[in-house]
Every structure is written in C-alpha cells, then in structure tokens.
Amino acid sequence: MHLNRFILSIGAGVGIMGATACQRRQPASGVVHLRAWTMWGGDEAEAFQVVVDEFNRTHPHIQVHNLPAVEDTKIIRAIVANDPPEIFTLRDPGYLGSLAGNGALLCLDDLFKQSGLRESDYAPGSLSQCRYNGKLYAMIYLMDCFALLWNKDAFRDVGLDPERPPKTLSELLDYARKLTRRDSNGRIVRIGMMPPDPLIIISAFGGQFIDPKTGMPTADHPRNIEALEWYRRLIEVQGSPEEVNAFQAGFGQEMGINNPFLVGKVAMMINGQWNPYWFQRYGPKVRYGAAPIPYPDHYPEQKIPTWLGGNIFCIPVNCKYPKQAWEFLRWTQTVDAQVLFASTMHGVPNILEARKERSLREGEPWKRAFAVFMDVANSPNARHFPPTPITGLYQYEIYNAADFVRYGTKTPAQALRDVQKRVYREMLFWRRSGHAPKTA
Amino acid sequence: MRQRQRDLQGWLFVSPWLIGFFLFTLYPILASLYYSFCDYRVLTPPKWVGLANYAALLTDRDYFLPSLWNTLFMLIELPLALIIGLTMALLLNHKIPGIGIFRTIYYLPSIMPVVAVAVLWLWVLNPQYGLLNAVLTPLLAPFGLQPPGWLADPKWAKPAFIMMDLWAVGGSVVIYLASLQNVPAHLYEAAEIDGAGSWHKTLHVTLPMISPVIFYNLIMGVIWTFQYFTQTFIMTQGGPQNSTLFYALYLFYNAFRDFRMGRACAMAWILFILTLIATLIVFRTSARWVYYEGERN
Amino acid sequence: MAPETMTTKRQMAPWRHSRVWRRRIAVTAVYLILIALSISFLAPFAMMVSTSLKTEDRIFTETIEWIPNPVRWQNYADALQSFPFLLYLRNTLFVCALVVVGTVLSSALPAYGFARLRWKGRDTLFLIMLATIMLPAQVTMLPVFVMFRTIGWTGTYLPLVVPPFFGSAFAIFLLRQFFLTIPQELSDAARIDGCSEWRIFWQIIVPLSVPALATVALFAFIGAWTDFINPLVYLTDETTYTLAVGLQTFVGRHSSEWNLLMAAATVVTLPLMVVFFLTQRLFIEGITLTGIKG
C-alpha cells in the first residue's frame, strides 16, 4: 500500500508546463494541434498512444499530442496561469468536484446533446462520475471495477472447495481466518484476505457518503459504521493490527512478479479488472478465480456490489479549441475506440455495446476472468464516490478513520462521527462561499 | 572615510542581493501574506476574510496542532546532528592517506537523488525484510525483544525519520571541514606548550574558532526542520495515524488537495513567525558562545 | 588536529619514541572508526547499486541479497535508453555552470558587506535576508510562477539561471560567517595603506577564503544538479530537460521497474561523486596564499 501510494504521489508538488508547445502549433495550415496531458506512464502510456495514433490517423485535421505521466497539481497550475492543455485526465477523479465547482471545466451538456450520444448507451455509474451539480463536466473513457479474486491452490490447501468462493461477508471472514497461515515462530506467512479499501466495503454494505437530497455529507451513516466494524473484525481474525501491518509492509509491487497475490502471501483480495492480465503476464502458473464481491448477510438487496472508478477526461473552460477537443472525446465513445483501448489498457468499456464485444471476453484464458469483471460492472449495486468539492479531504478522512479503527484507537462510530464533523463543516464552508452543489 | 560614505559602500556591496530581493522575492512574499487573510480557492479570485484562517487553524486540534507538534518533535534532531557532524568532521580532518575516499562516502547521502533515497530507506526500514531489522533482530533476541515496526508503527515513525536525516549529515560536515582549515596552527602550538591534551585543545581552541559555522548550521537546522516535507510526502503521506503529518505536509494538503490556499498561506506565516522567534533566540544567545576573530575589536 | 613533525628513530630521545607510537595508535583508531561508520553510510548506496544490477525477480527477496545473481548490466543500457542521457547531461552542465558562477560572485559581495563593513541598517537587513528563507516554498510557488509567466520567462532557462546572479541567502549567510573569522588587522592595515574596500575584498579576503568559496560553489553545483522541481516547473520542451527532471519523469513512466530506476539514479549520482572526490581537497584543505593560516 505504501509503495503504491508513493508511486501515485511522485512528481506531485511539481510545477507546470508553459506556453512553448502553444507556439509550436501552426493553425495557418488548417490542422489543429491539441495537447493532451495524461496520467499514464510506462506500458499504460503506450496503450494510450495506440489510441491517440488511431485518432490522429482517422482525423487528419486534428492532431492530438500526448504528454504522459502528468500529475494533477501540474494541471491545476496550468489552469491558474491561464495556459492549460486542451484535454487532460484526472488521476484523482475526486478533483472533478473541486474543478467543476470553481468553474474551471467546460460544461459538456450541449456538446453531448448535439453529438447524438444517448444516456441509454452508457453503463451504470459511468456518466454519473462525470456529473457535478447535475451538469456534465467530463467524459469517461473506460472504467475500473472491483471483484473478489482468490487463489485456488490456497483454498485446496486448507480444505476449502476451490471452485466455491465466499458469497457473504461473514463467510469471507470465516475463510480469511482459515486461510491465514503462520510459521513455526508464529509469524504470519500468508494472510487470508488482503485488507480492502474501506470505501469499497462501505459501498458493499450499502453505505452512503452524501445524502442525495441535501447534498451534504453523511459520514456517520449507520451502514458506514457497520462496514468499518466488519473491517476491524477482518483484521482481527487474521492477527493483531501490528502484525498484519508489518506483514503488508513487506509486499512487493503489484505490477510485477512480486505481486503478493501471485507469490502466495495473500489468498484472497478485492481488486480491479486489470489484474487478470497482470496475472497472466507475471504469474501464469497461479490458479485463481474471480467472482462478485461478497455481500452483507442481512442486506441481500446488496448482492453483487462493486466499486467503480474511471478515466476522466476534461476540457478546461478557457480551452482554445473546445470543438476539436470535444471531437476527440466524442470519438472515444465509439464502440471501436472503446474496444481498442480496452484491449490494450484492460479497462472496462463504459459503453454497454462495447462490453458485449467477444474479442474482450474470449481468446486468452485470462479474458474469462476479465469477463467476470465486465458483468459485475453491470450490477445495479455498482457505485462510486459522488463528485463533491471536498472529495480529496473526505476520502483522506475515511482512510484515516479506517486506520484508527484498525488499531483500535477509536471505535467505528467514534471515528466516523469525527469524520462527519469535519467534512460537514468543510461542505458548509463551500456552500457559503457559493461553490458547493445544491444536490449530490 | 566619512560614515556616510561607509554606509553607501555597505549598501553597494549588498546591492546584488537587494535588487534580486525587490525583483523576485518581495512580490511572492507579499502575495502570500495577502492570501493568508483571504479565502482563496486557487481557481477563483481571493476574497478577504480577515483573521478567519488563523482562528480556524489555531483551534484545530485534529490536524493543525498535531502537525505542529510533529514538526517541533523533529527539533530533537538538531543537537544530535550537531554532535555527530562535529565528531565526524574532526575525524575526517586527519590528512591520512585515503581520507578523500572516506569523505566522499560520508557525503554520498547528500548527493543521492531524493527519489532513490526514499525507496531505499523504505526497504531498509521494512519491518519484516529490511536491512535494519535484519541486523537488530539477532541483537535484541537474547533480551526477548523485537525490533520496532519503524514506519509502520506510530511510535517509531518519527524516530525513523530522524535516523534518516542523521544519515545525511555529510552536508554540514563539509562546512565544518572547510572551517577547520581556518583555525590558525599557532593557537594549537601555544596550547600544546601550555600542556594541553587533545581534548583540551578541541574544547578551547577548535570549537571556539569554528563557532561561527556551528552557528550557521544551527540556524539552518532550525529553518530546515520547520520546513521538513519531501521525505514524508513520498514515504508515509502523514501516516500511520497522523504520526508523520508534519507541518509542511499539512500545509501542502491544504493548498493542493483541499484547494484552501488562503489557509495554507496562513499556516506559512505562522510558521514564519515561529521560525523567526527561534532564530532570534539563537541569535541572542550567540553573543555568549560564538567567537568571531574578525570582530575582536 | 595539528600535523606533527616526524623525526627519525636515531635522533629520538626515549620519550619521543612513545609519541610516535601514540600517533600510530591514534591513526589506526581513526581508520577503524571511519571504516565502521562507512558501513552504515554506504549501505543504502550499496543497495542502490546492487539493485541496479538485479533482474526483476530478485529485487524483493526474503533475505537481502547484496550480490546480484545473475548480474544484469543490461539494466543500465535500458535505463539510459529511456531518456537522452547525454543531452540531459549537457543541459545540466550548462545550468550548473551558470548557477555556480552566479551564486559565488553575487553572494560573496553581499557577504563582505555584512561581515567586514559597518554601516547603518546592516544587521536589520541581514535579518530580513534570513527571513526570506523562513517562508515555505509551497505558498510562494504559485505567485512566483505567475510572476515569471507574466514576464514571459516560462519555457526558458531564465527562471533557473538568472536569480542565482542576485545572491543566495544561504550562501551569503555562510560566507558572512567565514569572512567574520578573518582578523580585522588585515583589513585595517590595508585601509591605512589607502586600499579601497573593493581591493581589500579581492586581494585579501577572497584569497583567504578559498575553502569557503569552494564550499559554496560545491553546494551550488550540487543543488543545481539535483534540483528537479524548478526545471520541471519552468521547462516545457523535453529536449531542454536536465538529468534530475529526466530521473523524475523516469519514475513516473516506469514506476514498477526498481532495478532500472536504481540504475538511472546511480548514473545520475556518479558524476557528483567524482566531482566531489576530485575537488574535496581543494575546498577542505584549500590554497592559502599568506603565512598566517596553518
């Protein structure tokens, strides 16, 4: 967890690109050159470049230039200095609320209506990630969704049926306890279940972050408290919080052959749809299964919960070529563009039609697991964090609360009540200064 | 030369810095002061709110005050760095063959890229597989003790950072070394004739003569400690349980995560005042222990 | 410790004999301590180099492997291919040279003014100068950027190389401390002879301060070499990037390939090590041109 966050935060606090690229354009020749600043680096940047190349090939009058590995703060500074790129991604979708609320993003409602795209084309939770205060401020190009992955050999080891994953959250606790293994010195050598992102668990319980009617935070919603209570028990059945933490600290990078799941340090985990491909690449011998996240026993209506993310593309409000920038975004919504990107980036298409595409589901063995993710993403219980102007703070507070709960320093109720106090106050502050949304 | 001419000369010599101050430094500083009295959301124009930011911060028991405490805690590092730095400088001052290699080794931490240093220390401090605990475990086992969890343990995270910083003490060592060259040999000879041993020589000749530079390292140490940011940003992001949420990190979060630039500026100015007070205290006491050969009259 | 004079055994009286032995023991002790400490100082660097030569699967092992097996020299080729090393090296040297020259020249003069002259407002101005480094950079970053953008300097090297020509508070402070250790008699004598302050500065103070000036030059050089924030903020054309920036974006692009990252980091660090090793004698032991110093 440490190292992943470290990767995400490298480069942040860094400044901004200026105007030189602007000067390199030659509008006189009739071709419009767009700068796209994207968050991806390494292999993923190459995957995106494939998409960009295809667009450039089919749109000779608009040429997109991708700048990879760009951090969000760099983009913010560019906007402040009035020289932003024409298109940019938000590594942290939480920034959508703040940027939109401050009027930094171009509202896309009109362009959307005129383009012939229809709401019904879109998967659940896709456009809603792009809306703030009821208006559309971004486009989504592929989504992330989460499911349960389990190591079949580990199951077999402890006498569990390798083809039968846990269906409910209490079953999950039971399995986690059984699968945790220690060596002769009592030190953990494998934990049954990797402690999941608390946001996912809260969502699985049907918890609520923002009241849809008032638009105000509800951090201490009773379901949220239940979720953190379950979270605490999950850690408890596997060891003391210090032990589990120390064990987790020794995990290798997820994108590589030292992925803790692949090397057998973790028997089950809730993770994203990019994993089947990584498993194929870095640990093809590992036998694993993919299934929907278990649901809470006494809330059966929560069946097939999943947590959604997405690649959010925005156009700044002071963009010099908004129509051309929209051309690119519009193109990304075609089934061809969706399938092309999904096949290299291994994300879930946000256009329903594209999800049916056979080339994404069949062929290599890992695609069957990938198909599970795509199906799970259709669930009515697929949720994401609502775009708010305080998302960064809100999520940080929840992670902190989970930390306190994990160590037993606070009870879930206490921790979440403290969170609620602070985020409510912050939201009020935004409201009073005229920036916050009237509804969720 | 008349005093007027002397004054002019003084200002003339200082003019390169002074001009640069007015050109590059003054505006940003004044801007940040103005923002500290505003509600400034970065993407929209600032709105004046008076002392609201300051009041909100000074009554915030959840983040602001802990972050201040965390940073003040790091001041422990200063006396340690002083002693270790001086000792090492004295060691490295011997003109024995191969000393250049040692000096380079001890200076190495200061020139390694921050990115690499962060990753390497994450590995070294790893509770399960790290180098440090691999060495400590057999040493502590006979006493029935286990090595600490370092960055995974709220009680040990800050000491871990102090350790990391002391490892990079080579920068101040170089300055000490340079100033050790300035100590006139005849003073040592005079002390020896009086029968002084090496400890006595160090205490009564070396230290006073390099006190101006000790003073420099002390002031710089205070300023740097108050602004400590990069390592915690890369390695722990304030965790576990806010134990490494340092002042400058919380300031960064206010500015670039929450878009509360006004509050971040208020934090900056509070920090400024604290640093100024600490520096003035050191200045005041300096008259007693800093010795300037050049001001003997 | 002052160097001792060595005498041959023949000329030594018995009590001087033990003095030579005491010195030998002292020197041996020093070596032993230095070697012991070196181990802990070198360890992270050794890890860096060791990792830079490992294959991906040997990076995270249960027990630390110091010697890579197999050794993958290819990592260096891969890392160097990832960013245009020679180009960035040239850019970095360009920036460093200007920063060093600018810093040393423009900091020595104010330091002289603060240290060797008495004038009205001296101490207040000195405190103001110190105060300018007490404000954290995060809050001045935005206004500074906007300022440079307004005068059109973004996208060029100017924000990086021009400000050092207007003095660096750290360097001025350090040099002031050094200048204050030079006895007043030297300046007074020269003044009586009718020398201008300018001449005193160049002909007396500067030659006596070579270690200090060289230290400032070294710090300026290393600071400019390792600075990644400012070039990343102000440079927009990738062909103008410096090594530090190249390394930083390398991390963003190859976040999971630690072995390559360490190879790149080693390559960026090695020149600094060499520079330091070759020049450390100069500024630590210095070249003094008068007989007053030892």
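This is a predicted model: local features need pLDDT of at least 70, side-chain atom pairs count only at pLDDT 80 or more; totals for chains, interfaces and linings use all residues.

Visitor: How many helices and strands does chain C have?
Guide: Chain C comes to 13 helices and 0 strands, and its pattern along the sequence reads α-α-α-α-α-α-α-α-α-α-α-α-α. Among the contacts in chain C between residues at least 6 apart in sequence, 73% join residues at least 24 apart.

Visitor: What makes up chain B?
Guide: Chain B has 14 helices and 2 strands, and 49% of its 297 residues count as buried. The C-alpha trace of chain B spans about 75 × 70 × 30 Å along its principal axes. The domain assignment gives chain B a domain 1 at 1–35 and a domain 2 at 61–295, and the centres of these two domains, taken over C-alpha atoms, are separated by 31 Å.

Visitor: How many residues from chain B and from chain C does the contact take?
Guide: The contact takes 83 residues from chain B and 86 residues from chain C. On the side of chain B, helix α1 (residues 3–36) gives the largest share, with 19 residues, and the residues of that side divide into 58 nonpolar, 18 polar and 7 charged.

Visitor: What makes helix α13 of chain B mostly covered?
Guide: A residue is called buried if 20 or more other C-beta atoms lie within 10 Å of its own, and in helix α13 (residues 247–256) of chain B 10 of its 10 residues are buried. Among them are Y247(B), F252(B), N254(B) and F256(B). The buried residues of α13(B) pack against several helices of chain B, including α11 (198–226) and α14 (261–289), and also against α4 (72–80) of chain A and α5 (137–150) of chain C.

Visitor: Which residues meet where α10(A) and α19(A) are in contact?
Guide: From α10(A), N224(A), I225(A), L228(A), E229(A) and R232(A) meet P412(A), A413(A), A415(A) and L416(A) in α19(A). The residues of this contact divide into 6 nonpolar, 1 polar and 2 charged.

Visitor: What makes the phi of N133(A) worth a remark?
Guide: Most residues other than glycine have a negative phi. N133(A), although it is not a glycine, has a positive phi of about 55°, and it lies in the loop between β4 (131–132) and β5 (135–136) of chain A. I304(A), in the loop between β10 (288–291) and β11 (306–314) of chain A, also has a positive phi, near 50°.

Visitor: Why does N133(A) count as partly exposed?
Guide: To be buried a residue needs 20 or more such neighbours, and to be exposed it must have 12 or fewer. N133(A) has 19 C-beta neighbours inside 10 Å, and therefore counts as partly exposed. With 19 C-beta neighbours inside 10 Å, I304(A) likewise counts as partly exposed.

Methods: Residues are numbered from 1 along each chain as its sequence is written. Chains are lettered from A and ligands numbered from 1 in the order in which they are written. Two residues are in contact if their C-beta atoms, placed from the backbone, lie within 7 Å. Helices (H or I, at least four residues) and strands (E, at least two) are DSSP runs, numbered from the N terminus. Ala, Val, Leu, Ile, Met, Phe, Trp, Tyr, Cys and Pro count as nonpolar, Asp, Glu, Lys and Arg as charged, and the others, Gly among them, as polar. Domain bounds come from an automatic or database domain assignment.
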